[in-house]
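Please read the following report alongside the sequence and the structure shown here.

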Amino acid sequence: MLALFFISALSANKLIGSLTVSTQEGKFVINSNDLEPGQTTDIELTENQTLALSLETTLKKAPKHSACTLELGMHSIASTFSYTNGKLQLKFTPLRLAKLYKHSGKYSLSILVADDQLEKPFLWNVGTVNFIANNEVVDNFTDVEWDFQPPPATPPAIITYVFTLLMFAPFALLLILLLVNGINCGYFPRNFIDAIFSLAFVGCLGAFFYYFVVFWKSIHFEDMLKSLIPISVVLGVLLRRALIGRAKMVARHEEDLRKAEAKKSEDKPEQ
């Protein structure tokens, strides 16, 4: 694995000196005062090696805050420097590098030192590490598996066509009966209650046919049968009430005819 460090221009600080970056492959000394803009340093690093950093300082004691960070988005590792005889040292061992979970990419390497001995906190954006990991990516996230129900088996095409024709059969029968018998609204109930039941029956009958259209588009056959049972019961009750209202109108119409005939027969002798 190859790590490339792109070193940017650094802000000088009298108490902070050069930075030594070393691996098993070699050692590089970086001094902020000697760097020029665009200057780069290449470092070879494998995930089984240790990246060691040593920062020269003239601090008389350990600073309150000192850390080094490798960061790329949500993946990052950080470590605190140890202070020994004016040097701040730390090591990114293979165990710490493993916390990157083998995510390859360009990581930013930065150093932070903050203490009362410094005029202001020292932040050094050392460079960019092109981290190339071996093998597959390993995340510390729990895998979630979803089991989806397989789609139900569809019937053969001939059965689909037959049921399509059967669905339109009631409409065809209705048209034939209307053409043969004609439309007669004379027997529509005049009573308010009977008229309400008759209108409800007509509306429910239209909704019943519309239900078949909805079933054909989005409802499974088993669900359709479960819903059809209560719908059929309600439709049957309304049909009975509507027929009762029509029978009353037929009886009233026949009674009116008998009265008209009786009156006509009574008027004939007088003429």
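## Overall picture

Among contacts in the protein (contact means heavy atoms within 4.5 Å) between residues at least 6 apart in sequence, 70% join residues at least 24 apart. This is a predicted model, in which local features need pLDDT of at least 70 and side-chain atom pairs count only at pLDDT 80 or more, while totals for chains, interfaces and linings use all residues. Residues are numbered from 1 along each chain as its sequence is written, and side-chain values use heavy atoms, with hydrogens and water left out.

The secondary structure comprises four helices and 11 strands; helices (H or I, at least four residues) and strands (E, at least two) are DSSP runs, numbered from the N terminus. Of the 271 residues, 28% count as buried. Buried means under 20% relative accessible area, exposed over 50%, and partly exposed in between, with a 1.4 Å probe and protein chains only. The accessible surface comes to about 18900 Å², and 60% of that area belongs to carbon and sulfur atoms. Accessible areas come from the Shrake-Rupley method with a 1.4 Å probe; for residues, only the protein chains shown count as cover.

## Strands β6 and β7

Strand β6 (residues 65-72) and β7 run antiparallel and are joined by six bridges; two strands pair if DSSP finds at least two bridges between them. Leu-70 has Ile-77 as its bridge partner in β7. The hairpin of β6 and β7 has two residues between the strands, and Gly-73 takes a positive phi near 65 degrees there.

In a regular strand the side chains alternate between the two faces of the sheet. Strand β7 (residues 75-80) has a covered face formed by His-75, Ile-77 and Ser-79, whereas Ser-76, Ala-78 and Thr-80 form the uncovered one.

## Selected residues

| Residue | Relative accessibility | Class |
|---|---|---|
| Cys-68 | 0% | buried |
| Thr-57 | 10% | buried |
| Cys-204 | 28% | partly exposed |
| Asn-134 | 36% | partly exposed |
| Asn-85 | 75% | exposed |

Thr-57 is found in strand β5 (residues 51-57). Its side chain reaches the backbone oxygen of Gly-86 at 2.6 Å and the backbone nitrogen of Leu-59 at 3.5 Å. A polar contact is a pair of N or O atoms within 3.5 Å; within protein, one must be able to donate a hydrogen and the other to accept it, and residues adjacent in sequence count only if both atoms are side-chain atoms.

Asn-85 lies in the loop between β8 (82-84) and β9 (87-92). Although Asn-85 is not a glycine, it has a positive phi of about 50 degrees.

Asn-134 is placed in the loop between β11 (122-131) and α2 (157-181). Not counting residues up to four places away in sequence, Asn-134 touches Glu-47 and Lys-102. Asn-134 and Glu-47 are 87 residues apart in sequence, yet 7.7 Å apart in space, C-alpha to C-alpha.

The structure holds zero disulfides, a disulfide being a pair of cysteine sulfur atoms within 2.5 Å.

## Annotated spans

The UniProt annotation "transmembrane region", from an unreviewed entry, covers residues 158-180, 192-212 and 224-243. UniProt positions are given in the numbering used here, feature names are shortened, and annotations may be inferred rather than shown by experiment. In the model, residues 158-180 are 100% helix and 0% strand, with end C-alpha atoms 32 Å apart. Residues 224-243 are likewise 100% helix and 0% strand, and their end C-alpha atoms lie 27 Å apart.
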